[in-house]
Protein chains: 2
Amino acid sequence: MLRDGDNFLLLAHRSPDGDTLGSAAALCRILHKSGKHAALTCADPIPKMLEFLTVGLDKFDFEPDIIIAVDVASPQLLGAAFEHYADNVDICIDHHKSNKLFAKNTYLDITAAATAEIIYDIAIALNVDICGKIAEAIYTGVVTDTGCFRFPNTSDRSHRIAAELMVAGVDAADINDRIFNTKSRACIEAELMIMDTLEFYLDGKAASITISLDTVERSGVEMSELDSMPNFLRQIEGVLVGASIKQSDDNQYRVSLRTRSPIDASAICAKFGGGGHAGAAGCVIDGDETHVKAALVKEIENYLAAL
Amino acid sequence: MLRDGDNFLLLAHRSPDGDTLGSAAALCRILHKSGKHAALTCADPIPKMLEFLTVGLDKFDFEPDIIIAVDVASPQLLGAAFEHYADNVDICIDHHKSNKLFAKNTYLDITAAATAEIIYDIAIALNVDICGKIAEAIYTGVVTDTGCFRFPNTSDRSHRIAAELMVAGVDAADINDRIFNTKSRACIEAELMIMDTLEFYLDGKAASITISLDTVERSGVEMSELDSMPNFLRQIEGVLVGASIKQSDDNQYRVSLRTRSPIDASAICAKFGGGGHAGAAGCVIDGDETHVKAALVKEIENYLAAL
């Protein structure tokens with residue numbers, strides 16, 4: 001289908017991260033190199049620190065004949081504004097075990113640590129030289145989803161691809177600086193405020209931090225800058241489940257769960273209609289902060305009791 | 001010399017980290033597999049989180065005929081208790097540009113991101129199968145010195161070695177958990193106290209945190225647990241030089257400098273008799289906290305002015 005089509009529209013998932021945007025951007029450029037028209041789009045704005053990936057790729061003046069969802073596990077993850085695409089996705093390229101197989105055709109490889117690893121294979125299959133911005137975008141996807149080769153999903157394949165991308169000239173240090181090593185002063189301020197909300201539950205087996213709208217407003221931080229906060233909780237000795245509880249509305253919280261093996265974060269989030277990976281998942285819970293925390297801790301307790 | 005000798009004593013550097021201990025432990029086991037006697041030792045205690053590397057390797061009842069310093073750039077870095085070895089080091093295996101060539105024979109490869117990458121080459125040269133604890137120790141060295149493949153010294157060689165080690169069965173996620181992902185509750189407490197000492201200088205181009213003996217005592221943190229604190233400063237937008245100022249005595253501070261390219265941390269530390277790499281270096285400054293900070297900021301200012 002990639003070889004035969006002419007006009008491709010690529011969809012990234014809502015709250016876009018380095019893998020959905022890196023993968024979509026790389027595929028977009030791979031298609032360009034194959035002589036096709038291609039553009040990418042996303043229901044949510046592109047985070048500032050990821051804009052380097054998508055510059056020049058988000059405008060299009062052609063009628064798409066093939067729509068591709070990239071790193072999108074379910075139609076909901078396209079975002080409310082893009083729900084109209086849900087039944088019209090021709091291809092979904094993804095690595096999430098939880099993929100709902102909603103597309104007409106799905107290329108699902110759950111052994112890939114990042115969708116970007118699949119895009120790497122696609123570039124090779126299409127005989128497109130992996131260099132420049134393509135290599136940069138694939139590298140960004142891989143480091144985003146492997147936590148820079150730190151998460152348990154990292155495989156020898158991830159490292160081999162990284163080695164090839166570095167040989168192809170990727171400035172890995174520069175990308176890592178953009179993705180992991182740069183925090184605005186506003187972000188540092190927000191982090192200090194958020195650290196003050198640290199709470200432990202269940203004999204220290206669970207911990208939470210709360211990111212209120214007030215903290216975001218007072219610090220001036222960009223929400224996407226706080227994406228790595230949930231990981232920090234899982235680092236604390238004895239903590240099996242870490243929850244970042246992010247206020248999204250007066251009476252609604254977006255929960256990011258990070259767990260240590262063998263706790264399945266996606267199983268706990270599924271209780272609230274969410275999903276994700278074993279080590280990292282998310283859900284939305286309605287109610288005030290006290291209610292959200294109590295409901296979450298209750299489900300974590302139930303899960304641990306059933307182990 | 002490795003093929004011809006029989007009894008090897010390996011010396012790690014003082015304040016031992018994952019590269020000096022991982023490299024020494026791997027080499028120790030490589031020599032054992034080659035039918036030699038070998039043990040390792042260090043002037044300072046082995047940090048708890050690195051003990052898994054050296055278990056069973058630090059006792060010896062043979063008379064060493066070859067002494068090898070591993071990842072040791074100068075005799076001083078052997079530590080005061082080991083100064084008597086300084087003139088008797090037969091081989092130094094190292095990757096620091098600042099190596100003083102103090103040993104009788106030096107295997108210096110400054111293109112290696114970690115000394116452990118050199119040890120990998122040695123294992124291959126000696127035809128020793130890289131598996132089990134050897135692979136684990138080499139992986140630990142590589143991830144320590146590359147900041148888990150995040151620092152600019154990371155090369156395609158680092159990734160290729162990591163891929164081979166994972167194929168050889170290394171549980172990379174487990175080692176990363178030990179090295180990067182576990183913080184004691186005491187450490188979290190200490191970090192919160194240390195974050196309160198954050199100061200900016202020179203229009204935000206430099207920043208410091210101070211780790212007082214009092215903070216260490218009150219939190220109960222193990223000093224080595226705070227090793228990654230200096231890196232955090234360099235992450236702040238606009239900060240070119242980050243200094244972690246660690247009190248080592250009433251009137252003495254150990255400074256860890258982390259810089260962004262093109263600032264050479266080792267050049268600034270050299271002004272105080274210290275050294276290291278371009279992006280990470282250290283020195284010791286005598287005096288009270290106010291004096292130490294003023295002296296340091298002055299040298300940073302001079303360095304920046306001369307750029």
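The structure holds zero disulfides over all chains. A disulfide is a covalent bond between the sulfur atoms of two cysteines; here the cut-off is a pair of cysteine sulfur atoms within 2.5 Å. Take C92(B), which is in no disulfide: the nearest cysteine sulfur belongs to C42(B), 14 Å away. C92(B) counts as buried, at 0% relative accessibility. Buried means under 20% relative accessible area, exposed means over 50%, and partly exposed lies in between (1.4 Å probe, protein chains only). C269(B) is in no disulfide either; the nearest cysteine sulfur, that of C283(B), is 4.1 Å away. At 1% relative accessibility, C269(B) is buried.

A word on the model and its numbering. This is a predicted model, in which local features need pLDDT of at least 70 and side-chain atom pairs count only at pLDDT 80 or more, while totals for chains, interfaces and linings use all residues. Residues are numbered from 1 along each chain as its sequence is written, chains are lettered from A and ligands numbered from 1 in the order in which they are written, and side-chain values use heavy atoms, leaving out hydrogens and water.

Now look at the sheet in chain B. Five strands form an open sheet in the order β2-β1-β3-β4-β5, with parallel pairing. Its edge strands are β2 (37-41) and β5 (105-108) of chain B, and each pairs on one side only. From one strand to the next, the twist averages 20 degrees. Helices (H or I, at least four residues) and strands (E, at least two) are DSSP runs, numbered from the N terminus. Two strands pair if DSSP finds at least two bridges between them. Strands of a sheet pair through backbone hydrogen bonds, either parallel or antiparallel. In chain B, four bridges join β1 (residues 7-11) to β3 (residues 66-70), and the two run parallel. There, L10(B) stands opposite I68(B).

Helix α1 (residues 18-33) of chain B lies across β1, β2, β3 and β4 (91-94), at about 170 degrees to β2(B). Helix α3 (residues 115-125) of chain B lies across β3, β4 and β5, at about 115 degrees to β4(B). Axes are lines fitted to C-alpha atoms, for helices over the stretch in contact, and angles run from 0 to 180 degrees between N-to-C directions. Contact means heavy atoms within 4.5 Å.

Next comes the core. Of the 106 residues in the largest nonpolar core, I138(A) and I138(B) touch the most other members. Such a core is a set of buried Ala, Val, Leu, Ile, Met, Phe, Trp, Tyr and Cys residues joined through side-chain atoms within 4.5 Å. Leaving aside neighbours within four places in sequence, I138(B) is in contact with several residues, among them G22(B), A26(B), I119(B) and L165(B).

Finally, the backbone. Most residues other than glycine have a negative phi, and most peptide bonds are trans. Some places here depart from that. A cis peptide bond joins S261(A) and P262(A), with omega about 5 degrees. P262(A) sits in the loop between β9 (252-259) and α10 (265-270) of chain A. L101(A) is not a glycine, yet has a positive phi of about 50 degrees. L101(A) lies in the loop between β4 and β5 of chain A and is exposed, with a relative accessible area of 55%. N127(B), also not a glycine, has a positive phi of about 65 degrees. The loop between α3 and α4 (132-146) of chain B holds N127(B), which is exposed at 72% relative accessible area.
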